[in-house]
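User: I've got a structure loaded and would like to learn how to read a few of its features. Can you walk me through them one by one?

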Amino acid sequence: MNRIVKLSSKDKNSLLRLPFLGAVDEESALSLMEAASLQTLSPRHVLFREGEPAEHLYCVLNGYVRLFRTSRDGREADVRICGPGETFNDCLIFGADQNRYSAQIAESCTLARLELSRIKAMIEADTKLAKAVIENLSKSALTSMECVANDRLQTAPQRVAHYLITQAPGEKGSYSLRLPFQKSVLAGKLGLAPEALSRAFSSLRNCGVIVRGRVIQINDTAALRQV
């Protein structure tokens with residue numbers, strides 16, 4: 001089901017808890033949300049394509065969105081996987097007028113979309129909003145740098161091990177988790193081909209990692225940290 005509706009009071013309260021909007025005063029946040037709408041989207045729906053006019057900034061309320069680039073011969077490379085509480089297209093607020101990547105729904109999700117033109121106009125008069133946007137862009141840049149560094153420095157098993165460790169509930173020696181998305185999405189998130197992800201999981205069996213569909217059992221966190 002793909003539909004667009006205006007934000008309810010509950011939706012607005014949810015948006016106010018997002019870091020991007022939570023950093024500005026209530027008056028500015030409410031003004032932004034007056035130009036916002038809510039989208040409920042099904043998996044595999046293409047939200048927009050690279051090169052199309054950029055019109056909105058998006059906030060993920062639930063679900064996951066895959067951002068990707070496409071080569072001339074049709075190959076795709078994931079740029080980022082956006083989840084609850086994250087925004088995308090904020091990099092286009094200053095200057096750019098075309099989408100720099102394509103966006104596809106990875107798991108059923110609800111998005112709040114805000115007009116880029118409205119945000120640009122408000123930034124001119126609202127220093128708090130400008131600061132919030134800059135802080136959000138800075139955070140995104142640091143995250144991107146971390147991803148690039150991991151791609152350069154870590155092997156495929158190390159990337160998977162690092163992801164599993166970051167999902168651990170506290171300091172438990174063993175735990176299980178259910179992936180919030182398909183393994184193909186995880187592969188893209190980690191910069192791996194699906195077959196490389198499968199080989200990485202196989203190599204981690206010696207560390208007590210057992211994969212059953214989306215459910216992953218980790219039996220030896222200490223061993224996983226040594227990968």
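Predicted model: local features only at pLDDT ≥ 70, side-chain atom pairs only at ≥ 80, totals over all residues.

User: Let's start with arginine 75: is it buried or exposed?

Analyst: Buried means under 20% relative accessible area, exposed over 50%, and partly exposed in between (1.4 Å probe, protein chains only). Arginine 75 is exposed, with a relative accessibility of 57%. Residues are numbered from 1 along each chain as its sequence is written, and side-chain values use heavy atoms, with hydrogens and water left out.

User: Which residue does arginine 75 meet in a salt bridge?

Analyst: A salt bridge here needs a side-chain nitrogen of Lys or Arg within 4 Å of a carboxyl oxygen of Asp or Glu. The partner is aspartate 73, at 3.1 Å from N to O. Aspartate 73 is exposed too, at 55%.

User: How many salt bridges are there by this rule?

Analyst: Six. Take arginine 66 and aspartate 78, whose closest N and O atoms are 2.5 Å apart. That pair links distant parts of the chain, 12 residues apart: arginine 66 is in strand 4 (residues 56-70) and aspartate 78 in strand 5 (residues 76-82). Strands (E, at least two residues) and helices (H or I, at least four) are DSSP runs, numbered from the N terminus. Arginine 66 is buried at 14%, while aspartate 78 is partly exposed at 22%. Another bridge joins arginine 159 to aspartate 151, at 3.4 Å. Salt bridges that share partners also tie Arg66, Glu76 and Asp78 into one network.

User: What about strand 2: which way do its residues point?

Analyst: In a regular strand, side chains alternate between the two faces of the sheet. In strand 2, Ala36, Leu38 and Thr40 point one way, Ser37, Gln39 and Leu41 the other, and all are buried. With six of its six residues (36-41) buried, strand 2 is largely enclosed by the rest of the structure. Strand 2 runs antiparallel to strand 7 (residues 102-115), joined to it by six bridges; pairing takes at least two DSSP bridges. In that pairing, alanine 36 has leucine 114 as its bridge partner.

User: And the largest nonpolar core: which residues have the most contacts inside it?

Analyst: Nonpolar side chains tend to be buried together in soluble globular proteins. A core here is a set of buried Ala, Val, Leu, Ile, Met, Phe, Trp, Tyr and Cys residues joined through side-chain atoms within 4.5 Å. The largest one has 28 residues, and Val160, Leu164 and Leu224 have the most contacts inside it. Its largest share, five residues, comes from helix 6. Leucine 164 touches several residues beyond four places away in sequence, among them Tyr175, Phe201 and Leu224, where contact means heavy atoms within 4.5 Å. Apart from this core lies another one of 25 residues, including Ala29, Leu114, Ile119 and Leu129.

User: Last one: which residues of helix 8 are buried?

Analyst: Ala196, Leu197, Ala200 and Phe201. They cover an arc of only 140° around the axis, so they sit on the same side of helix 8; the arc is taken over the directions from the helix axis to the C-beta atoms. These buried residues pack against helix 6, helix 7, strand 9 (209-212) and strand 10.
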